[in-house]
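Q: Hi! Could you walk me through this one? I'd like to go over the strands, a couple of loop residues and the confidence.
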Amino acid sequence: MTTHHDGRKVVGNIALSLDGRITGPGGEYDMGWIGPHAISDGARDHLARLTGTATTVLLGRKNYEGFGGYWPAVAQDPAADPRDRAFARWLDAVEKVVLSTTLTEPTWQNSRILATGPAAAVKDLRAMPGGDILVLASADVITALLRAGELDRLSVTQCPEIVGGGRRLFDDGLPASSWRPAGPPTVTGSGALCLLYDRVTAD
């Protein structure tokens with residue numbers, strides 16, 4: 001068995017509840033249940049592992065605007081956790097590719113906007129030199145790449161919460177695929193599990 005592609009790996013990073021949700025029943029901003037699990041030492045170390053090999057971040061419009069409204073200030077905040085500052089500085093500096101048909105001008109340094117779909121964007125990025133391509137929490141992008149067979153690695157932070165409603169990550173109708181662990185799971189101080197899986201493909 002080999003991984004899907006030589007060269008650049010496409011990595012999707014997402015937090016999930018025990019009942020498979022990425023948001024709670026209150027809608028797309030009902031994510032407070034993730035908070036305690038995102039700021040634990042283990043979760044921060046897990047994120048640092050992902051960003052250590054990535055040179056491009058792929059984002060949907062909502063996450064681009066949300067992250068852009070939050071992280072640049074953290075990079076300058078002396079009171080912030082040093083790992084959060086390091087992540088914020090990395091996010092400022094890294095190439096950010098935003099998938100949007102409505103944005104015209106990037107509002108954040110080192111950003112460019114593509115009006116293509118996720119699979120087409122990834123095919124173009126794979127043809128360019130660089131490290132991993134990291135999809136940060138953009139569920140629509142992750143599921144589109146799964147549908148197209150263009151996601152190589154899946155990073156799931158399994159939060160020990162049953163939220164009882166809200167959006168699921170995996171809709172019915174995705175093509176079947178097999179995955180294998182890309183290293184041992186990490187149990188964080190908050191009880192979350194950080195899991196890394198590589199897609200299994202036939203030679």
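Q: In which sense do β2 and β3 pair, and over how many bridges?
A: They pair in the parallel sense over five bridges. Strands here are DSSP runs (E, at least two residues), numbered from the N terminus, and two strands pair if DSSP finds at least two bridges between them.

Q: Is β2 mostly covered or uncovered?
A: Mostly covered: six of the seven residues in β2 (residues 54-60) are buried. Buried means under 20% relative accessible area, exposed over 50%, partly exposed in between (1.4 Å probe, protein chains only).

Q: Before I go on, what kind of model is this?
A: It is a predicted model, where local features need pLDDT of at least 70, side-chain atom pairs count only at pLDDT 80 or more, and totals for chains, interfaces and linings use all residues. Residues are numbered from 1 along each chain as its sequence is written, and side-chain values use heavy atoms, with hydrogens and water left out.

Q: What is the mean pLDDT of the protein chain?
A: The mean is 92, and 97% of the residues reach 70 or more; pLDDT is the predictor's confidence in each residue, from 0 to 100. Over residues 1-5, though, the pLDDT is below 50.

Q: Switching to loops, where is N110?
A: N110 is in the loop between β3 (95-99) and β4 (111-114). Its phi is near 60°, a positive value in a residue other than glycine.

Technical notes. Helix = DSSP H or I, 4+ residues; strand = E, 2+ residues; numbered from the N terminus. Contact = heavy atoms within 4.5 Å.
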